[in-house]
Amino acid sequence: MNETRDAWEQVVGRLVRRRLVRAALVVLALLYAGAIYAPLLASDRPYVLVGIDYREYGEARRTLLPATTNLARLLREGPEEYGARRAASGGFGWEEAVAAEEEAAARRVATMQAYLAGEPRAAVLGDLSARVDAAVAAGRSGDRERATAHADAARELAGAIQTSLAARDPRRPGEGEVTLRPVRRHPLWQAIGATELFFMVLWTLVLLGPLWGRAVDRLLLGGDPTRIRRARAAKLAAVLALSLLGALAGGRGGGGSTSLESASIKAGLTSGDIVATRVVFPPLSFGFAELRAGERLRPPSWAGGAARAPAGAGAGPPEVEVLYGEPAAASPWRHLLGTDSLGRDLLVRLLWGGRISLTVGLVSAVLLVLIGTAVGAAAGYFGGWIDLVLSRVIEVVLCIPAFFLILTVVAFTDPAVVPPLVAIAVVIALVRWTGVARLARAEVLRLRELEFTLAARALGASALRTIFRHVLPNAIGPILVAGAFAVAAGILTESALSFLGLGVSHPIPSWGALATESRSPAHWWIQVFPGLLIFVTVVCYNLVGDAIRDAVDPRMRIESR
Amino acid sequence: MKREDPSATLPRGTAGARAPLLALRGLCTYFRGETGVARAVDGVDLEILPRETVGLVGESGCGKSVTALSILRLVPDPPGFHAGGEIRFAGRDLLRLPAAEMRRIRGNEVAMIFQEPMTALNPVFAVGEQIAEAVRLHQGLSRREASARAARMLEQVGIPDPARRARSYPHQLSGGMRQRVMIAMAVSCGPRLLIADEPTTALDVTVQAQILALLADLQRRTGMSMLLITHDLGVVAETADRVAVMYAGRVVEHAGVRELFARPRHPYTVGLLRSRPDLARPGERLPAIEGAVPSAFALPAGCRFHPRCPRAAARCVAEEPALLPAPAAAGEHAVACHFPVAEEP
């Protein structure tokens, strides 16, 4: 029976047999989902916003004239004069300055056009933009006279627009007479980068894998095991291709924002600067760095957080500020897990913090397994002086007090040059690979003496081929287990570093940094929840590591029982 | 170390003056140890003709396996090293070949099967994949062609339901099956020489006979030569054309299989043949050769067998005998003894 299943099916089958391991896999999948989807789950930006941002329109209208004036001045001066003026202070070249001003003008025009669609007077914006283009083209080709003429015309148009196209802002009635149309925007979408999108698509496909995988097997492949097996690589390629495609599409969709907004959309909606006809917020409508002076150290909802909140409204402490789109002050859904000492939502910060912690753990583990396996396999397989040298190197690295080295390196790297996330992961890998290396060396030493290694050589396999195809696959069990432990250790190390204040920079959260934000037992939730997540992740990785060891060992014939 | 040109004295194969496929001339493979140098193989002369099976017999530790590994240049270095002599295979000196060239010979022209079919197969790959790998390494077949070839090879070595068995892992097969897989792997590229290092030692007797029959059958079909290393004289009697007897790193006697069993000349060979159980004399205590094989670190001076030899004399201690044609031998028969046994014991 079991001979009809190939290696992959057997490994997966054994892996998911134990209930505890299945649970651990599900928990890990959810933790990673929380980290990957954090921007979609918890953000102060709405998914969809259909409305009029009077603040934005007003700013575009008011600053259109300065932008065109600057452009006109640049074109009048030409590169030489501009160079002379800027020589002292350095900075942009003339070309770059022109491009920047041109872009500033274009963005203001585009913003106004969006709100003025259908308004006959908006045609003048088109004239302006044509003038700007002509002026810049002439300026670049060196025709300074024509450039100046066009730029001056554009400036006059901008002045006219400023006075004539004032909006009828409900907060300043009587100021203007132009009626604006609501514009549909996706502020959350625009904040998501291509890398984030890649992982979101990837993880969605992975999580739904059992569903679509089974559907494809049954409908497209007719349930034939051989065809299903052959399609495995194609499926993996399809998942990666779709994720890449998603990242590319997202990179294009999110990149070209015409928005000038800088302040919080929630604040705008609350104050009336933005008048919306339709807003959809994420389930948790708080940003990870959103401060609330009135809600410092609010306990979790079920521990009295919701009940206590209105009491603060009366006396000394500042009032609870409830912005548009947020649950009411007394709602249990507001700050479900409480807030920290600055009034930031703990649940939101836990979701975002998982990104740092889980990434550091995974990246450092992958790196250290690669380094350790390479060094250990070389030492064990070649033996002789290579083993001698590599073993001494391992011992030297082992002697270094790893945590203090990590501390030192992280303290002395410039976060502007090397992101702390990368620095931490790399340094952890560079000092922690020795364990895996010793393990790999011992395994390879054992396997090298077995006859199948000799048999492989006798069949004409080269040394590298023997190592990679015959020795390492047999050593992969212990190495994978060590790798799973390394993920757990990496998460702990990152937590410890953040706890000491040397992790990723504030206000980006990580689980370790969250745990350190209060040391008072009265504010237990601040230590307990991040600690619990770290604990659960580490335990899950250990469980899974253990299960992998059993699953990749073909000699374990559990299924015959 | 002074030695006459051994090729002049070596007995030729029965088929006349065919050029040997493999010729070992004074092969020496030593090992560096903490207490000195172990002379595991110390001047072995051996020839194998095309289509011929040569049995290499001797006690444990006499250098049979090291000889085999030396031919493929697979003696682990360090601590092992080649200390002299040459290995000519099909006109080429294997010891001078560059490593890449040597890899093309291994498995493709000279293949080897091992004693322990349990450990000689990679436990994490299906056996079909392992056979296919050998084919792909040397013949550049596609993945699909190679796995088809693997199934065909499994069929040739008498494994039922080869397509299904190709997907089995070594632990799912019996010992005899595993040895068949090993053989399939070794012959998959059509080697001209197959080195079988104790191929039947780990198997039970009925399976042994099947495996030997299979090897003989494959040899007849493919025309390859075979070097059969064993300590089992029964196996040699059944399969080999010629036999070389090794003792303490050297070949001490060399003859056609019938000649050797009928008229052994070296006292060591005589002792070996005597120590076999004999159904004609049940219940008798088996005569054993007194003493043990000398350590390769401290080989005795003169004839290496003299401390255990009933015929030893002063000359045996002083002078090492060369492998020379036996006096009054019928056909080819060479022996390295100052006082060879004259008649049937």
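Trainee: What is the handedness of the crossing of α5(B) and α8(B)?
Mentor: Keep in mind that this is a predicted model. Here α5(B) covers residues 127-139 and α8(B) covers residues 175-187 of chain B, with axes that come within 8 Å. As for how they cross, the answer is right-handed.

Trainee: Which residues of α5(B) and α8(B) make the contact?
Mentor: From α5(B), look at V127(B), Q130(B), I131(B) and A134(B). Across from them, α8(B) brings in V181(B), A184(B) and M185(B).

Trainee: Are α5(B) and α8(B) roughly parallel or antiparallel?
Mentor: Their axes cross at roughly 20°. Angles under 35 degrees count as roughly parallel. So α5(B) and α8(B) are roughly parallel.

Trainee: Over in chain A, how are α18(A) and α19(A) oriented to each other, roughly parallel or antiparallel?
Mentor: Helix α18 (residues 402-412) and helix α19 (residues 420-448) pack at about 150°, with axes 10 Å apart. The cut-off here is over 145 degrees for roughly antiparallel. That's why this pair comes out as roughly antiparallel.

Trainee: How many of the residues in the contact of α18(A) with α19(A) are charged?
Mentor: On the α18(A) side you'll find A402(A), L405(A), I406(A), V409(A) and V410(A). They meet a set in α19(A) that includes P420(A), I424(A), V431(A) and R432(A). Arg counts as charged. The contact splits into 11 nonpolar, no polar and, for charged, one.

Trainee: And how many polar residues are in the contact of α5(B) with α8(B)?
Mentor: Q130(B) of α5(B) is one of the contact residues. The tally there is six nonpolar and no charged, and for polar the number is one.

Note on methods: Residues numbered from 1 in each chain as written. Chains lettered and ligands numbered in written order. Predicted model: local features only at pLDDT ≥ 70, side-chain atom pairs only at ≥ 80, totals over all residues. Axes fitted to C-alpha atoms, helices over the stretch in contact; angles between N-to-C directions. Helix = DSSP H or I, 4+ residues; strand = E, 2+ residues; numbered from the N terminus. Parallel < 35°, antiparallel > 145°, perpendicular 65-115°, else oblique. Contact = placed C-beta atoms within 7 Å. Left-handed = near helix turned anticlockwise from the far one by under 90°.
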